[in-house]
Amino acid sequence: MTLSTAFTTLFGVRHPIVLAPMGGSAGGELAAAVSRGGGLGLLGAGGGESEWLARELPIAAGAGKPWGVGFQTWATSVAAIEQALEYGPRAVMFSFGDPTSYVERVRAAGAAVLLQVTDLEEARQAVDLGADVIVAQGTESGGHGARHGRSTLPFVPVVVDLADGVPVLAAGGIADGRGVAAALVLGAAGALIGTRFQATAEALVDPSIAEALVRGRGQDTERNRILDIARSSRWPAKYTARTLGHPHLDQWRGREAELAADPSAARLAYEDDVTRGAVTPLPVWASEAIDLVTDLPPAADLVPALAAEAGRALARAGRS
């Protein structure tokens with residue numbers, strides 16, 4: 001079954017599967033592999049550190065397939081966006097913050113604008129800004145998302161109706177082809193997938209994190225802001241992060257206000273634990289669908305496998 005959608009037509013890709021631009025871990029090799037596999041690989045530029053971009057952008061662009069780049073809106077800059085646009089991405093995605101000042105600059109460069117939204121206010125803004133694609137992120141997602149968001153299943157169709165014809169990608173808790181099929185049934189034009197692609201051969205993650213992803217279970221994940229505070233991360237308070245369990249999370253659970261009032265001691269303790277190897281340098285961002293992650297395959301092979309599984313799931317649904 002060919003999964004042709006408004007999204008695959010817009011970008012000329014084979015499968016309606018998109019790599020979530022996970023800051024730092026979705027590097028050039030991973031983005032290129034997803035694109036070679038027939039999806040759309042998005043480089044995870046985060047705030048847009050110039051040296052990192054200079055290293056990873058040529059790799060993603062060198063795949064010879066449609067690709068793109070994603071930024072954390074609250075942390076990026078015009079200079080970082082312009083650096084990325086020099087390499088001719090087909091898409092630029094903005095997440096977490098007001099992208100108003102960047103949209104026309106991207107559009108003028110000939111790239112499609114993808115806007116990730118975590119609530120209806122952000123969704124309405126994305127429509128008003130003329131987004132080419134809207135990504136509806138549910139709270140099952142790994143990494144950062146809305147503190148007071150909605151689950152993927154009820155959120156996606158509401159955004160689809162609000163978008164009124166603009167292609168929507170579903171994100172959050174999608175880690176196999178059945179999840180992709182569900183996204184399409186909800187009216188989305190594809191799925192944006194993070195955790196499953198973080199556990200691949202090309203992802204820029206420490207081996208200990210890759211191992212933790214394979215071993216992890218959904219009930220072990222928790223949405224929190226504690227680890228951002230303890231690490232002195234500047235993430236806005238409205239966005240919490242879903243992670244696997246962590247010793248510092250156990251220590252401060254239920255005491256977020258106390259931690260935020262005086263984070264210096266916790267920061268020093270965190271840095272000491274990282275130095276001693278007691279904790280990983282970064283938390284293990286992981287979605288509720290982590291149970292479905294059981295291996296570390298090449299991403300280029302994973303994309304068509306996910307699409308084939310989605311096709312089978314849709315075929316089964318059609319026979320019922």
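**Close-up views of cavity, pockets and a helix pair**

**View 1. The largest cavity has a volume of about 80 Å³.** The model is predicted, so local features need pLDDT of at least 70 and side-chain atom pairs count only at pLDDT 80 or more, while totals for chains, interfaces and linings use all residues. Residues are numbered from 1 along each chain as its sequence is written, and side-chain values use heavy atoms, with hydrogens and water left out. A cavity is a set of points, on a 1 Å grid over the protein atoms alone, where a 1.4 Å probe fits but cannot get out; lining residues have an atom within 4 Å of a point. Grid points are joined across faces, edges and corners, and a volume is the space filled by probe spheres set on the points. The count comes to 1 cavity of 30 Å³ or more. Among the residues lining the largest cavity are Thr73, Phe94, Phe96, Leu115, Val117, Glu122 and Ala126. Strand E4 (91–95), strand E5 (112–117) and helix H6 (120–128) are the elements that give two or more residues to this lining. Helices (H or I, at least four residues) and strands (E, at least two) are DSSP runs, numbered from the N terminus. By class, the lining has 6 nonpolar, 5 polar and 1 charged residues. Here Ala, Val, Leu, Ile, Met, Phe, Trp, Tyr, Cys and Pro count as nonpolar, Asp, Glu, Lys and Arg as charged, and the others, Gly among them, as polar.

**View 2. The largest pocket has a volume of about 800 Å³.** Of the 41 residues that line it, Pro21, Met22, Gly23, Gln72 and His144 are the closest to its centre. A pocket is an open set with protein on both sides within 12 Å along at least five of seven lines. At least two lining residues come from each of strand E2 (41–46), strand E3 (67–72), E4, strand E7 (143–146), strand E9 (190–193) and helix H9 (195–198). The lining divides into 17 nonpolar, 22 polar and 2 charged residues.

**View 3. The second largest pocket holds about 170 Å³ of space.** Its lining includes Gly23, Ser25, Gln198, Asp206, Ile209, Pro281 and Trp285. By class, 7 nonpolar, 4 polar and 1 charged residues form this lining.

**View 4. Helix H3 (residues 50–61) packs with helix H4 (residues 78–85) at an angle of about 10°, the axes being 10 Å apart.** H3 is therefore roughly parallel to H4, a term for angles under 35 degrees. Axes are lines fitted to C-alpha atoms, for helices over the stretch in contact, and angles run from 0 to 180 degrees between N-to-C directions. Ser50, Leu53, Ala54 and Leu57 in H3 meet Ala80, Gln83 and Ala84 in H4, where contact means heavy atoms within 4.5 Å. The residues of this contact are 5 nonpolar, 2 polar and no charged.

Technical notes:
Parallel < 35°, antiparallel > 145°, perpendicular 65-115°, else oblique.
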